[in-house]
Amino acid sequence: MTPDMFSYYEEMRSRGVILYFNGPMSQTVVEGMAGIMREKMRAEDAAMGVAQRVFAILVEQMQNIVRYSAERVTDAGDGALAHGQVVVGRETDGRFFVACGNRIRSADGEGLVRRIEHLRSLSDHDLKAYYRRTRRAAPAEGSLGAGLGLIEMAKQAARPLDFRITPLDRATAFFTMKVVA
């Protein structure tokens, strides 16, 4: 049976979705999607600051999927392919949002909740100071980056980071995060 893609298309448009991707991601995919989004923001005639925030959030979220998704194919041409999804759209108030989702190891969930809740508790001033301190510090054990991605997204966000971790089984959970720019 052929899926009703028009109905799906209309539903996504009615929800303000500009871009939706679900599938394997690599650094190459991140770069391609970022380029597409940059052009889309230009076409939307978005203010430069807003466009830069949306772009930065999109790249950070996709890189987090590439680095931390528990659903992976490791024998890819440009490194590991990590499965996840990303959605970019507009809220009813006109603000842009970037949302992502991917499987994570259940063991990583508690630490992730602590880090995000800590960021949500900081004022703008404290967030900037925390960013500077973290930039100067050595990366956290087990981190595949400098540990700045979540902080950077919190700095760019117009509202506190919105997230959910849904347990799937003993080994994995599904992490979802929405950032409004």
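**Close-up 1. Leu-161 and its contacts in this predicted model.** Leu-161 touches Ile-116, Leu-119, Arg-120, Leu-150, Met-153, Ala-154, Met-177, Lys-178 and Val-179, leaving aside residues up to four places away in sequence. Contact here means heavy atoms within 4.5 Å. Because this is a predicted model, local features need pLDDT of at least 70 and side-chain atom pairs count only at pLDDT 80 or more, while totals for chains, interfaces and linings use all residues. Residues are numbered from 1 along each chain as its sequence is written, and side-chain values use heavy atoms, with hydrogens and water left out.

**Close-up 2. The largest nonpolar core.** Leu-161 turns up again here: along with Val-54, Ile-116 and Met-177, it touches the most other members of this 41-residue core. A nonpolar core is a set of buried Ala, Val, Leu, Ile, Met, Phe, Trp, Tyr and Cys residues joined through side-chain atoms within 4.5 Å. Buried means under 20% relative accessible area, exposed over 50%, and partly exposed in between (1.4 Å probe, protein chains only).

**Close-up 3. Helix H6 (residues 149–156).** Since 7 of its 8 residues are buried, H6 is largely enclosed by the rest of the structure. The buried ones are Gly-149, Leu-150, Ile-151, Glu-152, Met-153, Ala-154 and Gln-156. They pack against H3, helix H4 (106–121), helix H5 (124–136) and S6. Helices (H or I, at least four residues) and strands (E, at least two) are DSSP runs, numbered from the N terminus.

**Close-up 4. Thr-172 in strand S6.** Thr-172 is buried, with a relative accessible area of 13%. Not counting residues up to four places away in sequence, Thr-172 touches Ala-70, Arg-103, Ile-104, Ser-106 and Pro-167.

**Close-up 5. Charges over rings.** The charged end of Arg-38 sits over the ring of Phe-55, 4.0 Å from its centre. Lys-178 has its charged end over the ring of Phe-97, 4.8 Å from the ring's centre. For this, NZ of Lys or CZ of Arg must be within 6 Å of the ring centre and within 35 degrees of the ring normal.
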